[in-house]
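Dear colleague,

Please find below the structure that I am handing over to you. My notes on what was found in it follow directly after.

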Amino acid sequence: RQGMSKTVSDSDSQDIILVSEEVPCNLCGATDPRRLFTEHYSLGDSTACLGVNRCIHCGLVYVSPRLTPTSTRLVYEHDAVETISHNYCWNSGEDVSRFGPLLRRLADVAPEGRFLDIGCGGGHLLPEANRPGRRAVFGREPVAAAAEQAAAHPRATVHPAPLARPA
């Protein structure tokens, strides 16, 4: 299933439509997860619904619906200063308080195990996610400069992961 948001225009007057897609569990392929909570991602006036789920078969916590590869590329290409992605990737400084609500929700539903942040930006969430009960914290990031910045965090392993062009 796919869901679309409203169409908006960015500063280049191009229409942007964020599209989300339902995906199976990344580990076992099951398609009947338990929804833990829902987040809304915005780029300008366009919004997509993202669901955080726990697989009832293998226990993996994963996102579905998630942004499609094309929408993910739009976020990286057209992200503006006021979006959460820009602030997460580049404007962190020492203030990590913005991660509190997300980390509290995750701790309630997935208090232990490994933590993987795909699209980790500058990696500011990674050391914060490394809490008691976490065996390891990992990040993957397609933007080389952000991956290099994320790799500087001492309590996480970060791997660059270029985005593949959608077919």
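**The parallel sheet**

Strands β7 and β8 (residues 134-141) are paired in the parallel sense through 6 bridges, where two strands pair if DSSP finds at least two bridges between them. Within this pair, L116 stands opposite F138 in β8. Both strands belong to an open sheet of 3 strands with parallel pairing, in the order β7-β8-β9. Its edge strands are β7 (113-118) and β9, each of which pairs on one side only. From one strand to the next, the twist averages 20°; axes are lines fitted to C-alpha atoms, for helices over the stretch in contact, and angles run from 0 to 180 degrees between N-to-C directions.

**Basis of the model**

This is a predicted model, in which local features need pLDDT of at least 70 and side-chain atom pairs count only at pLDDT 80 or more, while totals for chains, interfaces and linings use all residues. Residues are numbered from 1 along each chain as its sequence is written, and side-chain values use heavy atoms, with hydrogens and water left out.

**The chain as a whole**

The protein chain holds 5 helices and 9 strands; helices (H or I, at least four residues) and strands (E, at least two) are DSSP runs, numbered from the N terminus. Read from the N terminus on, the order of elements is β-β-β-β-β-β-α-α-α-β-α-β-α-β. The protein chain has 167 residues, of which 40% count as buried. Here buried means under 20% relative accessible area, exposed over 50%, and partly exposed in between (1.4 Å probe, protein chains only). The protein chain exposes about 9,700 Å², and carbon and sulfur atoms supply 53% of that area; accessible areas come from the Shrake-Rupley method with a 1.4 Å probe, and for residues only the protein chains shown count as cover. Of the contacts between residues at least 6 apart in sequence, 50% join residues at least 24 apart, a contact being heavy atoms within 4.5 Å.

Helix α5 lies across β8 and β9 and runs at about 165° to β9. Which residues of helix α5 (residues 144-151) are buried? They are A146, A147 and A150. Seen down the axis of α5, these buried residues fall within an arc of 100°, so they line one face of the helix; the arc is that of the directions from the helix axis to the C-beta atoms. On the other side of α5, A144 and E148 are exposed.

R155 is placed in the loop between α5 and β9 (157-160). With a relative accessible area of 43%, R155 is partly exposed. Not counting residues up to four places away in sequence, R155 touches P127, E128, N130 and V137. One of these, E128, is 27 residues from R155 in sequence, and the two are 9.1 Å apart in space, C-alpha to C-alpha.

**The antiparallel sheet**

Another open sheet has 3 strands in the order β3-β4-β5, with antiparallel pairing. Strands β3 (34-43) and β5 (61-63) stand at the edges with a single partner strand each, so one side of each is left without a neighbour in the sheet. The twist in this sheet averages 20° from one strand to the next.

Strands β3 and β4 pair in the antiparallel sense over 9 bridges, and S42 stands opposite T47 in β4. The hairpin of these two strands has 2 residues between them, and G44 takes a positive phi near 65° there. Strand β4 (residues 46-54) is joined to β5 by 3 bridges, and these strands run antiparallel. The bridge partner of R54 in β5 is V61. Helix α3 (residues 100-109) lies across β3 and β4, at about 160° to β3.

The side chain of S64 makes a polar contact with the side chain of E22 (3.2 Å). A polar contact is a pair of N or O atoms within 3.5 Å; within protein, one must be able to donate a hydrogen and the other to accept it, and residues adjacent in sequence count only if both atoms are side-chain atoms. Leaving aside neighbours within four places in sequence, S64 is in contact with E21, E22, V23, R35, G51 and N53.

With kind regards
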